[in-house]
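Open the model in your viewer and keep the sequence panel beside it. We will go one selection at a time.

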Amino acid sequence: MNVPKVRPGVSIEVLQTMSREIDGLHIEFVREPWQRCLHDLKRNKVNAVIASYRQERAEFMVFPTTETGELDTLLALNQFGRCLVGDSQFMDELKTTKRSFNLAIPRGYSSANSLDDKRYVKVDTLSQLDAFDLVNKRVVDGTIGLCMINGKAVKAFPYAKNLHAFYPPFDTSFGFLTYSKLFYQNNEALAKQLWQQLAKFPFADVYMEYLASEHQQIDSHVTDKPSSK
């Protein structure tokens with residue numbers, strides 16, 4: 001995989017830093033669809049992926065655990081919180097009314113499963129940006145979005161002048177560097193050292209820089225777009 005020299009992506013940037021800091025660590029990046037990543041890890045064709053914890057994944061992924069065998073969230077690479085997102089009217093009505101709300105949800109967005117309030121009617125979209133766009137145009141009432149990283153509030157959203165997050169997060173997930181069973185068996189000391197180092201990395205700060213740049217470009221494109229007559 002050819003990795004861009006500038007802004008390669010947060011996860012790649014983190015791991016590149018680790019390869020410079022840990023003696024004997026060399027990382028080769030492979031870009032694959034997610035299901036292929038899982039398939040290849042299960043068959044020891046790749047050594048590691050970044051993933052959230054699922055009980056079924058623990059059958060072929062090695063997650064960091066405490067001495068008592070519990071998932072060690074202190075060694076997570078990231079902690080993502082997701083909130084409802086909308087304009088000021090949506091924020092006010094969430095607090096003051098019992099009416100139903102249409103929420104634009106990207107297809108396959110598993111966090112939406114945590115929204116069990118019957119007031120929310122889910123409308124499928126192709127992407128997160130499409131969802132934000134529909135909310136900004138008031139086609140739907142709201143959407144869901146990343147609002148907290150490692151305990152720090154995210155302030156950068158597309159259309160940030162209009163859209164805001166409704167705190168606290170309704171869903172929180174941890175992301176871990178996970179290893180194949182064979183790799184961990186053969187490299188346990190290195191694997192544990194990498195977990196320890198990753199936990200110290202200022203992931204939230206770097207991720208928010210990426211988000212701010214990405215959303216600034218989106219907002220600039222929207223502002224510069226000629227108005228229709």
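How many disulfides does the count come to? One. Keep in mind that this is a predicted model.

Select C83 and C147. Their sulfur atoms sit 2.1 Å apart, and the two residues form a disulfide. Look along the S-S bond: the torsion is about 65°, so the disulfide is right-handed. Now trace the chain between the two cysteines.

Next, select strand β3, residues 78–86. Eight of its nine residues are buried, so the strand is largely enclosed by the rest of the structure.

Zoom in on F80. Which residue is its bridge partner in β8? S173. In β6, F80 stands opposite I149.

Stay on I149. The largest nonpolar core has 30 residues, and I149, Y179, L194, L198 and F203 touch the most other members. Elements that give two or more residues to this core include β6, β8, α6 (188–200) and α7 (203–224).

Now select Y179. Leaving out residues up to four places away in sequence, its contacts include L41, F60, M61, L194 and W195.

Finish with a second, separate core of 12 residues.

Conventions. Residues numbered from 1 in each chain as written. Predicted model: local features only at pLDDT ≥ 70, side-chain atom pairs only at ≥ 80, totals over all residues. Heavy atoms only, no water. Buried < 20%, exposed > 50% of the residue type's maximum accessible area, 1.4 Å probe, protein only. Helix = DSSP H or I, 4+ residues; strand = E, 2+ residues; numbered from the N terminus. Pairing = 2+ DSSP bridges. Core = buried A, V, L, I, M, F, W, Y, C linked by side-chain atoms within 4.5 Å. Contact = heavy atoms within 4.5 Å. Disulfide = S-S within 2.5 Å.
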